[in-house]
Amino acid sequence: MSYINENFMQLQESYLFSTIAKKVEKYTKENPNKIVIKLGIGDVTRPIVPECIKAMHKAVDEMGTQEGFRGYGPEQGYDFLRKAILENDYKSKGIDLEIDEIFVSDGAKCDTGNIVDIFSEDNRVAITDPVYPVYIDTNVMSGRSGRFNQEKGIYENIVYLPVSAENDFKPELPKEKVDMIYLCFPNNPTGTVLTKEELSKWVQYAKKNKSIILYDSAYEAFITQENIPHSIYEIEGAKDVTIEFRSFSKTAGFTGIRCAYVVIPKTLKGYTKDGEEVSYNKLWNRRTCTKFNGTSYIVQRTAEAIYTKQGKKEIEENIKYYMENARIIREGLEEIGIKYYGGINAPYVWLKVPNNMSSWEFFDILLEKVNIVGTPGSGFGPHGEGYFRLTAFGTKENTIKAMERIKRSKNLLTK
Ligand code: PLP
């Protein structure tokens with residue numbers, strides 16, 4: 001007989017995107033003449049930029065030649081990409097890292113999920129609420145969550161850090177000692193950010209408590225304001241306490257191509273039960289070599305092209321395109337008096353649902369009466385209730401149309 005990993009029994013079904021899909025399908029079946037605009041799922045719509053496509057074609061052609069053919073590559077990523085990352089994302093910003101502190105992967109979802117492998121099951125984990133669900137579910141799977149409390153909608157052993165309009169979407173430091181802290185800024189789903197001063201409080205907390213911060217900056221490219229850190233390593237001392245996750249998914253439209261990276265500084269240490277200091281970089285390297293055979297050469301060459309002068313210019317245009325959508329969404333909501341957050345340093349606008357409606361009630365009205373799909377905030381955690389996420393990743397035409405519809409429905413939505 002084989003026994004299962006019973007931690008999986010603690011997982012709560014995530015009905016969010018499947019419920020959305022079912023509701024949208026039912027509505028469109030019953031109303032075939034209505035055109036529904038989707039501003040729900042956070043997937044990009046702009047095609048891959050020409051500079052990346054050129055690099056991809058070149059890499060494909062190379063693979064068909066005897067000299068250019070590549071088999072298994074280095075598990076940690078090819079040096080050409082790791083160097084480009086190091087120079088452009090860190091050294092040029094005054095952050096000193098080494099090449100073997102960067103691990104290239106096939107996505108930040110895998111990285112943020114797999115990282116739990118190198119941490120003890122006994123660690124106490126703090127997670128903001130609402131949140132990108134991967135952080136919670138992977139800690140449930142690996143036995144750190146305790147039981148799910150149905151009444152409260154939370155796991156007993158996870159320390160939740162609520163973020164809402166009341167604290168301006170800035171999580172407060174945990175009252176108790178925690179060992180692992182997940183932070184994501186610019187934030188999915190709220191679209192909000194922390195300043196350098198605000199982030200340094202977390203670095204200090206982690207230093208004092210010998211905790212590790214798992215910092216997801218998948219949306220770093222969308223920051224427009226100054227004094228908002230692009231990397232947590234801009235904060236003094238962060239290299240001793242932080243793992244940083246980055247992704248090319250939203251930066252360069254790689255959601256389908258798949259490429260990301262994680263930074264684990266060599267100064268980052270954890271402890272055995274006997275108090276022996278161990279390098280997390282070493283553990284992750286060991287894990288990577290055992291469980292991963294590297295991101296494909298073609299994909300890494302495509303990612304490298306993001307860092308050329310032309311590549312930078314082209315992806316910047318795409319980012320501007322999405323942030324223009326965010327502006328259109330923000331201004332539309334403002335016009336009809338719906339309170340919103342985010343959308344300035346992130347491609348997400350997080351709006352306060354009017355009239356004390358629940359997130360799902362608002363979803364239904366928006367779908368059935370305005371023909372627009374968004375994401376109910378409660379799907380990201382209990383403190384997301386009463387909020388709603390709109391994404392700026394749609395096409396400009398659809399975003400304009402959607403906001404015109406919303407403005408025309410002002411009475412329906414806000415009365
Ligand atoms: N981290 C956050 C906060 C995200 O919102 C997402 C995707 O939506 C990811 C990571 C996943 O990125 P990737 O496509 O690189 O797996």
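I began with the side chains of β17: Tyr387, Arg389 and Thr391 point one way, Phe388 and Leu390 point the other way, and all are buried (under 20% relative accessible area, with exposed over 50% and partly exposed in between, for a 1.4 Å probe and protein chains only). In a regular strand, side chains alternate between the two faces of the sheet. I noted that β17 covers residues 387-391 and is mostly covered, with five of its five residues buried.

The model is predicted: local features need pLDDT of at least 70, side-chain atom pairs count only at pLDDT 80 or more, and totals for chains, interfaces and linings use all residues. Residues are numbered from 1 along each chain as its sequence is written, and side-chain values use heavy atoms, with hydrogens and water left out.

I took helices (H or I, at least four residues) and strands (E, at least two) as DSSP runs numbered from the N terminus; two strands pair if DSSP finds at least two bridges between them.

I then looked up the partners of β17. Strand β14 (residues 348-352) runs antiparallel to β17, joined by five bridges, and Trp350 has Arg389 as its bridge partner in β17. Strand β16 (residues 375-376) is also antiparallel to β17, through two bridges; here Pro376 is partnered by Phe388.

Next I traced the sheet, which is open, antiparallel and ordered β13-β14-β17-β16. β13 (340-342) and β16 each have a single partner strand, so one side of each lacks a neighbour in the sheet. Three bridges pair β13 with β14, and Tyr341 stands opposite Trp350 in β14.

Finally, I recorded that helix α10 (residues 309-335) packs on the sheet, touching β13, β14 and β17 (contact: heavy atoms within 4.5 Å). Its direction makes about 15° with that of β14; axes are lines fitted to C-alpha atoms, for helices over the stretch in contact, and angles run from 0 to 180 degrees between N-to-C directions.
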